[in-house]
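Here is a short briefing on one protein model. Keep the sequence and the 3D view open while reading.

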Amino acid sequence: MPTSSTTSNPAQTALGKFYLHPWDSQVLVDWGKSVVQQGMDGEAVTQLSQMDKADRKEILDQFGTVVLVNNLDVSFDELTAAKAYLNDLRTRVLANKIDAEAAFAQVRPLAYDLEGIQLSGLSELDEDLNLLDSGQPTWHNETLIPANKNVFIRRFFREMRILEPLPIGEETKRRRDFPMAEFETYLETGAYIVLGIILLFVLLGLIAGLAF
């Protein structure tokens, strides 16, 4: 049977992933199934392990009951839990226990959550990977190519820091849509070209009128 000390860290990590992935409530149920297989018994954890597709709040409440009944050292503070999950993910990436690209996919949605936890370098790498997938030159990491993508993702995890939440009104500064900026430039240039063509036709019309 797993002890409290060996169970608390995975429980804290699972809770961090639960908080950071609001679309994935199954992570706590999967943790329950795991510890039941390892020998943890009791009505509370058995019920948790059987809560597939249950309501998110109900799953979290039942997880809290398991933590209380088994005296697990788990913090329900969202930032503390998130740090545990992110640090565990980084450790596994750098130890080659998880594919770097698969790990990055787990944190990539945070690049679009402007009100949640911010990670250093995430927005920039996400933008460059989007550009790379579109066949366009990268902006922040000029030497990034498909062949060395994992090198940059591993560097992201190695240097990753949790940043302070964005101040209200600063959201637009966080993610500059460089492809869109280029598109706007093209539009502006195209407008000048069209205007020039119109003026040329007007001028030719005047010249033709004078000729007759």
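At roughly what angle do the axes of helix α2 and helix α4 cross, and within what distance do they come? The axes of α2 (residues 26–37) and α4 (residues 56–69) cross at roughly 35° and come within 9 Å. This is a predicted model. The protein has 10 helices and two strands, and buried residues make up 35% of its 212 residues.

**Overall layout**

- From the N terminus, the order of elements is α-α-α-α-α-α-β-α-α-β-α-α.
- Take the contacts in the protein with a separation of 6 or more: residues 24 or more positions apart account for 60% of them.

**α2 against α4**

- The crossing of α2 and α4 is left-handed.
- On the α2 side, the contact uses L28, V29 and W31.
- On the α4 side, I59, L60, F63 and V66 meet them.
- By class, this contact has seven nonpolar residues, no polar ones and no charged ones.

**T65 in α4**

- Helix α4 also holds T65.
- T65 counts as partly exposed, because its relative accessibility is 33% and that class covers values between 20% and 50%.
- T65 and L48 are 17 residues apart along the chain, and their C-alpha atoms are separated by 9.3 Å.

**α5 against α6**

- Helix α5 (residues 78–94) packs on helix α6 (residues 100–107) at an angle of about 165°, with the axes 10 Å apart.
- That angle makes α5 roughly antiparallel to α6, since angles over 145 degrees count as such.
- The crossing of α5 and α6 is left-handed.
- From α5, the contact takes Y85, L86, L89 and V93.
- From α6, the contact takes A100, A103, Q106 and V107.
- Seven of these residues are nonpolar, one is polar and none is charged.

**Helix α8**

- Which residues are buried in helix α8 (residues 149–159)? They are K149, F152, I153, F156 and F157.
- Seen down the axis of α8, the buried residues fall within an arc of 140°, so they line one face of the helix.
- The face turned away from that buried side carries the exposed residues V151 and E159.
- The cover over the buried residues of α8 includes helices α5 and α6.
- Strand β1 (118–119) and helix α7 (122–133) are also among the elements that cover them.

**Q12 in α1**

- Q12 lies in helix α1 (residues 4–20).
- Is Q12 buried or exposed? Q12 is buried, because its relative accessible area is 10% and the cut-off for buried is under 20%.
- Leaving out residues up to four places away in sequence, Q12 touches D73, V74, S75, A81 and A84.

**Positive phi in two loops**

- N71 is found in the loop between α4 and α5.
- Phi of N71 is near 55°, a positive value in a residue other than glycine.
- N71 is exposed, with a relative accessible area of 64%.
- N96 is found in the loop between α5 and α6.
- N96 has a positive phi of about 60°, although N96 is not a glycine.
- N96 is exposed, with a relative accessible area of 59%.

Notes. Residues numbered from 1 in each chain as written. Predicted model: local features only at pLDDT ≥ 70, side-chain atom pairs only at ≥ 80, totals over all residues. Heavy atoms only, no water. Axes fitted to C-alpha atoms, helices over the stretch in contact; angles between N-to-C directions. Helix = DSSP H or I, 4+ residues; strand = E, 2+ residues; numbered from the N terminus. Parallel < 35°, antiparallel > 145°, perpendicular 65-115°, else oblique. Left-handed = near helix turned anticlockwise from the far one by under 90°. Contact = heavy atoms within 4.5 Å. Nonpolar A, V, L, I, M, F, W, Y, C, P; charged D, E, K, R; others polar. Buried < 20%, exposed > 50% of the residue type's maximum accessible area, 1.4 Å probe, protein only. Arc of directions from axis to C-beta.
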